[in-house]
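Student: Could you show me how to read helices that pack together, and links within a chain?

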Amino acid sequence: MTDGNQTVISQFLLLGLPIPPENQHLFYTLFLAMYLITVLGNLIIIILILRDSHLHTPMYLFLSNLSFSDLCFSSVTMPKLLQNMQSQDPSIPYAGCLAQIYFFLFFGDLGNFLLVAMAYDRYVAICFPLHYNSIMSPKLCVSLVLLSWVLTTFHAMLHTLLMARLSFCKDNVIPHYFCDMSALLKLSCSDTYVNEVVIFIVVSIFLILPFALIIMSYVRIVSSILKVPSSRGIRKAFSTCGSHLTVVSLFYGPVIGLYLCPSANNSTVKDTVMSLMYTVVTPMLNPFIYSLRNRDIKEALERIFCKKKIQLNL
């Protein structure tokens with residue numbers, strides 16, 4: 001498309017993953033299986049929490065929202081990646097690219113804030129067990145979830161609108177498997193100073209601050225646990241936090257490695273691998289972490305299977 005003497009880009013080309021052609025079908029099968037496991041695993045968690053009244057607690061309210069966030073977060077990039085691996089046309093329209101940026105930021109940030117809410121829930125449960133029900137009231141829990149949704153909407157909309165004001169008139173090849181914001185900024189022929197300043201400020205607020213709050217919560221939790229005289233009490237306290245700590249590590253590890261500790265030579269392969277970790281691997285593993293290490297989820301599964309078995313016998 002031409003605007004005066006300037007060619008304006010109406011679509012982008014996604015280079016995808018650096019996979020040799022002879023291995024494309026193998027990796028397509030692998031990523032398809034991983035995506036299906038992600039969808040199925042997170043749907044099972046959501047359905048279990050909705051159907052089992054024993055799981056209608058603050059922790060599982062946050063977990064159901066986290067599972068929904070993980071399912072959607074993976075769905076922002078994976079279907080397009082799978083399509084492009086089977087297609088000779090890896091293009092994405094300009095509007096589609098902006099939509100992908102919006103939902104990528106929205107669901108990525110939503111998971112981020114929900115992990116903070118879950119850390120606060122564990123902090124209250126361990127440090128103030130006698131006051132847990134009064135502190136983690138339904139009103140507070142719903143407010144925390146709604147606040148997470150509102151903040152992520154604002155953040156995603158802000159970056160999407162700032163990106164929409166930029167012009168793209170030269171190279172339209174994105175060296176990634178999705179519309180990565182930093183890759184798009186490098187392609188723009190407009191002044192990106194405002195975008196870069198906003199990214200720096202917002203990353204400090206929306207990534208570093210939540211991570212710091214989680215660290216602070218666990219410092220207080222560990223301090224409280226060490227005051228417990230019995231080893232059984234210590235094991236029980238750590239077991240309630242184990243799943244959440246594992247998920248926090250899986251989420252923040254790749255994100256910090258990618259955005260806060262960039263490689264010196266701007267390695268595209270390294271960036272792609274780190275992106276795959278938090279867009280594909282983490283959403284797939286979260287249901288397993290919460291089901292395999294969680295007695296409540298296991299018992300809920302058993303109750304549902306027992307009900308089905310009884311109904312079949314009748």
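Tutor: Let's go through the record, the helix pairs and the disulfide in turn.

Tutor: This is a predicted model, where local features need pLDDT of at least 70, side-chain atom pairs count only at pLDDT 80 or more, and totals for chains, interfaces and linings use all residues. Residues are numbered from 1 along each chain as its sequence is written, and side-chain values use heavy atoms, with hydrogens and water left out.

Student: Where does UniProt place the feature "transmembrane region"?

Tutor: The unreviewed UniProt entry puts it at residues 26-50, 62-81, 101-120, 140-158, 197-219, 240-260 and 272-292. UniProt positions follow the numbering used here, feature names are shortened, and annotations may be inferred rather than shown by experiment.

Student: What does the chain do over residues 140-158?

Tutor: Helices (H or I, at least four residues) and strands (E, at least two) are DSSP runs, numbered from the N terminus. Residues 140-158 are 100% helix and 0% strand, with 27 Å between the end C-alpha atoms. Residues 62-81 also come out as 100% helix and 0% strand, and their end C-alpha atoms are 29 Å apart.

Student: How do I describe two packed helices?

Tutor: You give the angle between their axes and the distance between the axes. Axes are lines fitted to C-alpha atoms, for helices over the stretch in contact, and angles run from 0 to 180 degrees between N-to-C directions. Take helix 5 (residues 138-164) and helix 7 (residues 193-225): their axes come within 10 Å and cross at roughly 165 degrees. That makes helix 5 roughly antiparallel to helix 7. Angles under 35 degrees count as roughly parallel, over 145 as roughly antiparallel, 65 to 115 as roughly perpendicular and the rest as oblique.

Student: Which residues of helix 5 and helix 7 make the contact?

Tutor: Contact means heavy atoms within 4.5 Å. Helix 5 brings residues including L151, F154 and H155, and helix 7 brings V194, N195 and V198, among them. By class, this contact of helix 5 with helix 7 has ten nonpolar, three polar and no charged residues. Here Ala, Val, Leu, Ile, Met, Phe, Trp, Tyr, Cys and Pro count as nonpolar, Asp, Glu, Lys and Arg as charged, and the others, Gly among them, as polar.

Student: At what angle do helix 3 and helix 7 cross?

Tutor: Roughly 20 degrees, with axes that come within 9 Å. That makes helix 3 roughly parallel to helix 7. Their contact has 16 nonpolar, three polar and three charged residues.

Student: And what about helix 2 and helix 5?

Tutor: Helix 2 (residues 58-86) packs on helix 5 at about 20 degrees, with the axes 10 Å apart. The two are therefore roughly parallel to each other. In helix 2, P58, L61, F62, N65 and F68 meet C141, V142, L144, V145 and W149 of helix 5.

Student: How many disulfides does the structure hold?

Tutor: One. A disulfide is a pair of cysteine sulfur atoms within 2.5 Å, and here C97 is joined to C179, S to S 2.0 Å. C97 sits in helix 3 (residues 94-127), while C179 is in the loop between strand 5 (173-174) and helix 6 (181-187), so the pair links distant parts of the chain, 82 residues apart.
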